[in-house]
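Here is a short report on charged side-chain pairs. Read it with the model in view.

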Amino acid sequence: MDRTDANTGTRPVSDRLAFDETALERWLQRHVDGFEGPLTVEQFKGGQSNPTYKLTTPRAAYVLRRKPPGRLLPGAHAVEREYRVMTALAKAGFPAPRTHGLEEDASVIGTPFFVMDMVPGRIVWEAHFPDTDDRAAHFDAMNAAIAQLHGFDPAAIGLADYGKGEEFVARQVARWSDQYRNDLEAGRVEAMDRLVDWLRDNAPDRSREPVRVIHGDFRCDNMIFDAEKPEVRAVLDWELSTLGDPGADFAYHLLMYRMPSAGSFTGLLGRDLAELGIPSEADYVAAYCERTGRDGVADLDYLIVYNMFRLAAIVHGIKGRVARGNASSAHAVETAKALEPLAELAWANARAARL
């Protein structure tokens with residue numbers, strides 16, 4: 001799959017995700033300072049679970065993010081949380097898009113939604129940053145962004161109650177272990193069974209780690225880079241954000257070094273980093289530690305394995321939905337094929353872990 005082609009740009013709004021554009025334009029006139037129509041609505045091609053639209057007017061462009069229509073799992077697709085965290089972080093000086101308003105009344109366009117600025121720039125869909133000359137500087141910009149995020153005291157920016165941060169990793173390991181074991185229709189995977197036991201038996205004490213706002217999916221394709229210079233203009237897709245363990249969040253971001261360079265989860269494994277001008281994993285970790293005042297990332301190998309297991313458990317859930325017939329798209333079927341290779345990769349990292 002060409003991830004760049006599949007996810008770049010917009011397309012006409014699909015029938016399933018269409019809504020009353022006239023009602024939206026009336027809402028924008030009431031809630032967005034300086035808004036002037038006429039309004040054109042397109043749908044972004046990217047595969048977000050929360051449908052995202054480009055709103056174009058003669059004077060400005062905006063982005064609308066909404067819950068999908070239909071029956072939803074409790075707590076899923078929480079655009080209200082995305083709006084809250086992005087608004088707080090933007091006010092604190094973090095590169096998050098400026099928000100204009102949240103609408104929780106589903107009667108306007110069929111589901112709750114929020115509107116934010118459309119930030120100009122480019123999204124990089126591959127971890128090796130193709131067609132980029134100054135890769136090291138772009139990696140440094142990502143490093144600076146996640147370090148800045150983990151430097152905020154949640155209470156100081158109005159997010160003290162944004163999640164239950166304590167014992168984050170232990171709770172996540174228990175949650176995803178249960179999800180895996182309880183989805184019988186997806187079948188058992190030997191490497192996953194071993195990982196469940198390994199994560200339980202080798203659980204570190206993370207109680208000294210500070211509670212911070214964590215993104216949950218901090219990857220290059222969830223950022224907008226300046227079109228001309230190595231600068232992160234905006235971090236997107238805060239659906240998985242919460243209060244939690246910054247070391248675990250950084251370890252997830254670090255998976256780019258441990259994942260294969262092809263497949264559903266593209267990474268840098270097997271690529272010549274020196275030839276590409278990309279910093280080594282050790283140098284990238286050292287830069288983050290220098291920025292955050294750490295001597296190192298404690299329990300890093302465990303956190304890497306946990307994050308790989310979490311990804312594999314998510315793919316296992318997709319396989320279960322395919323088996324039950326409620327996720328029958330070609331993309332879901334293809335993603336489910338990544339389960340066993342991903343689980344084996346996680347187990348290989350567990351076996352090599354230095355604990």
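R200 and D197 sit three residues apart in helix α6, which puts about one helical turn between them. Their side chains form a salt bridge, with the closest N and O atoms 3.4 Å apart. R200 is exposed, at 52% relative accessible area. D197 is partly exposed, at 34%.

This is a predicted model. It holds 27 salt bridges.

Another pair also involves helix α6. R194 and E344 meet in a salt bridge, at 3.9 Å from N to O. R194 lies in helix α6 (residues 190-201) and E344 in helix α12 (residues 339-352), so this pair ties together parts 150 residues apart in sequence. R194 is partly exposed, with 26% relative accessibility. E344 is partly exposed too, with 41%.

Next comes a pair in loops. The closest N and O atoms of the salt bridge between D299 and R206 are 2.9 Å apart. D299 lies in the loop between α9 (281-292) and α10 (300-324), while R206 lies in the loop between α6 and β7 (212-214). The two are 93 residues apart, and their pair links distant parts of the chain. Is R206 buried or exposed? R206 is buried, because its relative accessible area of 12% falls under the 20% cut-off. D299 is partly exposed, at 28%.

This pair belongs to a network. Salt bridges with shared partners join R206, E209, D245, R294 and D299.

| Pair | N to O distance |
|---|---|
| R200 and D197 | 3.4 Å |
| R194 and E344 | 3.9 Å |
| D299 and R206 | 2.9 Å |

Methods: Residues are numbered from 1 along each chain as its sequence is written. This is a predicted model: local features need pLDDT of at least 70, side-chain atom pairs count only at pLDDT 80 or more; totals for chains, interfaces and linings use all residues. Side-chain values use heavy atoms; hydrogens and water are left out. A salt bridge is a side-chain nitrogen of Lys or Arg within 4 Å of a carboxyl oxygen of Asp or Glu. Helices (H or I, at least four residues) and strands (E, at least two) are DSSP runs, numbered from the N terminus. Buried means under 20% relative accessible area, exposed over 50%, partly exposed in between (1.4 Å probe, protein chains only).
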